[in-house]
Amino acid sequence: METPREVRVGLIGYGFSGATFQAPLIASVPGLRLTRVCSSQGERVLRDFPEVRVVADPAALIDSGEVDLVVVATANTSHAPLARQALLAGKHVVVEKPFTITVDEGADLIALAEQRQLHLSVFHNRRWDSDFLTLRQTIEAGLLGPINTYEAHFDRYRPTVRGRWREQDLPGSGILYDLGAHLIDQALVLFGNPDCVNCDMGVQRSTDSGSDAADDYFHLTMRYGARRVILHASSLVLQAGPRFIVHGDTGSFVKHGMDPQEAALMRGARPCAHGWGVEAESQHAQISFVKGGLTVTGKAQSLPGCYQEYYRRVCDAIVHGKSLPVTAREGLAVIKIIRMAMQSHAQQRSVTFE
């Protein structure tokens, strides 16, 4: 039996995403090998991965014969041009979410990838959050019946506006592109495209420098007939409420707390560690449902989170021709909802999905 070939990976960017998520997850998947990293933080990269080669210019990484898959983990404004450059060089591409800033940019990349017969995917890792996996299985098992109200929060307490590009008033910055992309993708996975969206967003924090800050609050409603999907994020929540509040015709699911994988990665833990992605019992969801005339109430033990599954499936797609874990078209659907939400807020009206 022929041994599957190795996929050599080049990572562009070693900031928070590249160092915390991309590089450790890539390194955890058999069949993937990190060979090149493009970063100005060479010492940091080599301390973490001494076997890789560090380059300063993205072109040197993209054009390398030692790279099959290019991972773009840079500022949002550079996603489209770097992904395009990599596709033109004949490389498969993974782009950190959000996919692109505009719908047209994403559509152009999809057309190019299809023309070149290359894999193009978007890193929507929170499909593999512990709580979302548990909620998705609960819904698909029919325990809650048809869903009438779905509410998801991604709230934080970060009262100080930091100097990062994500928090400055720049194209593609702000909490809607950042955290909103996660919440929107999860909702689209469960329910598909909405009939229309309505969004209120704004800046609630003040800056000492007097410079403009990016949006740090949004409240987005996606309508599906009688169903309401409510997505909410804020940077000024000291005591967070439930992460998910989901009601169906026959049951309810209420979940507090965040998936533990990001915190574990920040501590230096890796997916091979014992108990990876397992939530504390205190964070298990409260679930109630009616079945056979009986009302059942209790805790739903969380399924383990598994961010590494994303890259395992990317490897399988490249080596074995299997389906990508997240397609570029799915990533583009998120951008379309973000742009509709921005239009809804600017015009103070609901925007119909076309």
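User: At what angle do H7 and helix H10 (residues 328–347) pack?
Analyst: This is a predicted model, with residues numbered from 1 along each chain as its sequence is written, and side-chain values use heavy atoms, without hydrogens and water. Local features need pLDDT of at least 70, side-chain atom pairs count only at pLDDT 80 or more, and totals for chains, interfaces and linings use all residues. Helices (H or I, at least four residues) and strands (E, at least two) are DSSP runs, numbered from the N terminus. The axes, lines fitted to C-alpha atoms, for helices over the stretch in contact, lie 9 Å apart for H7 and H10, and with angles taken from 0 to 180 degrees between N-to-C directions, the packing angle is about 120 degrees.

User: How is the orientation of H7 and H10 to each other described?
Analyst: Angles under 35 degrees count as roughly parallel, over 145 as roughly antiparallel, 65 to 115 as roughly perpendicular and the rest as oblique. The angle of H7 and H10 is about 120 degrees. The two helices H7 and H10 are therefore oblique.

User: How many nonpolar residues are in the contact of H7 with H10?
Analyst: Contact means heavy atoms within 4.5 Å, and the residues that meet include Leu176 and Ile184 of H7 with Val334 and Ile338 of H10. Ala, Val, Leu, Ile, Met, Phe, Trp, Tyr, Cys and Pro count as nonpolar, Asp, Glu, Lys and Arg as charged, and the others, Gly among them, as polar. The contact of H7 with H10 has two charged residues and no polar ones, and its nonpolar residues number 11.

User: Which residues of H7 meet H6?
Analyst: Helix H6 (residues 130–140) packs on helix H7 (residues 175–191) at about 20 degrees, with axes 11 Å apart. That angle makes H6 roughly parallel to H7. In this contact there are four nonpolar residues, one polar and one charged. From H6 come Phe132, Arg136 and Ile139, and from H7 come Gln186, Val189 and Leu190.

User: What is the volume of the largest pocket?
Analyst: On a 1 Å grid over the protein atoms alone, a pocket is an open set of points with protein on both sides within 12 Å along at least five of seven lines, a cavity is a set where a 1.4 Å probe fits but cannot get out, and lining residues have an atom within 4 Å of a point. The largest pocket has 19 lining residues, with Phe16, Phe21, Arg156, Asp178 and Glu262 nearest its centre. Helix H1 (16–27), H7 and helix H8 (261–266) each give two or more residues to that lining. Grid points are joined across faces, edges and corners, and a volume is the space filled by probe spheres set on the points; for the largest pocket it is about 300 Å³.

User: How many charged residues line the largest cavity?
Analyst: The largest cavity holds about 140 Å³ of space. Its lining has 15 residues, and Glu167, Ile175, Asp178, Arg205 and Ser235 are the closest to its centre. Three of the lining residues are nonpolar and two are polar, while the charged residues number 10.
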